[in-house]
Amino acid sequence: MSLSAPVVVELGGLQVAPMPGAAPVLKGLDLRLTAGEQVAVIGASGAGKTTLLLALAGMLRPSAGRLALFGQEPWTLGTAARQRQRARALLAPQVPPLPPRQRVVTAVLAARLPQMSLWASLRTLWTPRVADAERVQRALVALDLPDKLWLRVDRLSGGERQRVGLARLLVADVDLWLVDEPLSALDPARAELVMRQLTETARAEGRTLVCSLHQVEVARRCFARTVALREGRVVYDGPSSGLDDARLQALYGGALFASPATPVAESLPAAAPLPQAMCR
Amino acid sequence: MSAALVASAVAARDPALQRRWLALLAAAVVLWPLLVLAEFQPWTLFDARSLRVTGRFLAQFVPPRHDAEFLALLACETWRTVAIATAGMALAGLIALPLALAMTERLSVSAVGGRMARGPAWLRQAVRACTVVLRSVPELVWALVFVRVVGLGPTAGVLAIAIAYGGMLAKVWAEILESADAAPAQALLGHGAGRLQTGLYAALPASAHELASYTVYRWECAIRSSVVLGFVGAGGLGQQLDNAAKLFAGGEVSAILLVFMALVALSDRVSAWIRRGLA
């Protein structure tokens, strides 16, 4: 990353609760991302990965600390300006948020709603423009879903649905991709395809990519930089190659497995059986 | 360790049990005085005198009147009743859709990730109050008002159904939209889409089934309601029923009631058909 690239994300001492009024899950988090960077976020369940992504999408209001996206603090903006800022990022949640009875083409094109007028969105709901349908079909082909364009979402399997949710990223006109556990419903071959598509497309189109992962192996292979969270704080931020076994033990060997009777090696999350050629 | 966890969780009593007993007790305590206050005395139904009166009235019902002249009149009035109900429902839908979308808190842009801003929160309360006014006045009263304004005839019935049902549809549609999966709407609002766009692309498709089925059920209610409205001069089968009942023409009453049953059965079929189309 060149040092002169604009700062996309700047967090300082960020505290965020998953719901207004709840106890904070992120407890003083510092992070800085520049345009075009690709970062994996790892950590045990409950460490705050999803909350971090929601905060970066401008969907959770921090209870303390500094949160700046694209050089502006979203929660000091008015509602309309904040909506325009939110349109520059797209979050693909772990469970794809697709209405079951909607057609795939419509569900994917919903990612372009910020660029559409109300009239254009009504027209697209009736029938999509040919150029838009082609755009969706290109994204579906890239994710190995070549024959699903006109099907309804509830006719798809879990893995297909997850890839349709990720296809939203490929058609959206955004600067920041936020991806939450993109591999949770995918088989190893599809997982490799998806990670390659996401990282290569983000690189080619100059998008910033933040991706939370449970598979440490994938983070090591596909991302130059990894941020590790534990109990709402950054415990490692640096090159993915620097994540040695000692650090991973410290990251995942939490209080639950602290009893000496449990061998630490068993407490490590099993790495998904991914092909060695992954992301090469 | 895990055995201890299991034992301690089961040893503690079901934490919801006490609240459930209390709720049951509270329901009984509230209901009993209400039944007394409503003078609910079902045994008077089986009093010998009322049984005799009822029996005589029911005996007149057979056979229903079925001569050609009456059937032609019946068909014409049936068509008019369906037309009143359908036109009233269409207008009610036009009234309800913007109200429902405005009321739904799921579609609040300012509520994403924080608390809803004060302006929109007040606006939602105002819209809610507006639907309360629309539906708290019964359609019969609206019909009486409109009969004064536009004169006797179906127009008064259509307007009365449109207004009263507009308020009801808005309230229930908003509740249906509110109870569907929130994730699709949150994802689009959080990506900077507008309120109406989110309604069209997330909230409405997520609850299309329930919305369609409730709306068809309301159409069925509108048919029954247009009958009552006929009693105050809003036309249709109700006016015929009123005339027949006043003349103690049991055969005509039963023929008209049979038509009602056919219409309700029809709306049942239409509802199932629409739901299958959406499935």
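Among contacts in chain A (heavy atoms within 4.5 Å) between residues at least 6 apart in sequence, 67% join residues at least 24 apart. The model is predicted, so local features need pLDDT of at least 70 and side-chain atom pairs count only at pLDDT 80 or more, while totals for chains, interfaces and linings use all residues; side-chain values use heavy atoms, with hydrogens and water left out. Residues are numbered from 1 along each chain as its sequence is written, and chains are lettered from A, and ligands numbered from 1, in the order in which they are written.

Chain A has 10 helices and nine strands; these are DSSP runs numbered from the N terminus, helices being H or I of at least four residues and strands E of at least two. Of the 280 residues in chain A, 52% are buried. Here buried means under 20% relative accessible area, exposed over 50%, and partly exposed in between, with a 1.4 Å probe and protein chains only.

Helix α4 of chain A (residues 118–126) shows how burial can be arranged. Its buried residues are A:Ala120, A:Ser121 and A:Thr124. Seen down the axis of α4(A), these residues fall within an arc of 100°, so they line one face of the helix; the arc is that of the directions from the helix axis to the C-beta atoms. On the other side of α4(A), A:Trp119 and A:Trp126 are exposed. The buried residues pack against α3 (104–109) of chain A together with α9 (195–206) of chain B.

In chain B, the axes of α7 (residues 154–179) and α10 (residues 208–231) come within 10 Å and cross at roughly 155°. Axes are lines fitted to C-alpha atoms, for helices over the stretch in contact, and angles run from 0 to 180 degrees between N-to-C directions. The two helices, α7(B) and α10(B), are therefore roughly antiparallel, a term for angles over 145 degrees. The contact includes B:Tyr165 and B:Trp173 of α7(B), and B:Tyr214 and B:Arg218 of α10(B).

A:Asp144 counts as partly exposed, at 34% relative accessibility. For A:Glu181, phi is near 50°; the residue lies in the loop between β6 (176–180) and α7 (188–205) of chain A. A:Glu181 is buried, with a relative accessible area of 6%.

Definitions and conventions. Angles under 35 degrees count as roughly parallel, over 145 as roughly antiparallel, 65 to 115 as roughly perpendicular and the rest as oblique.
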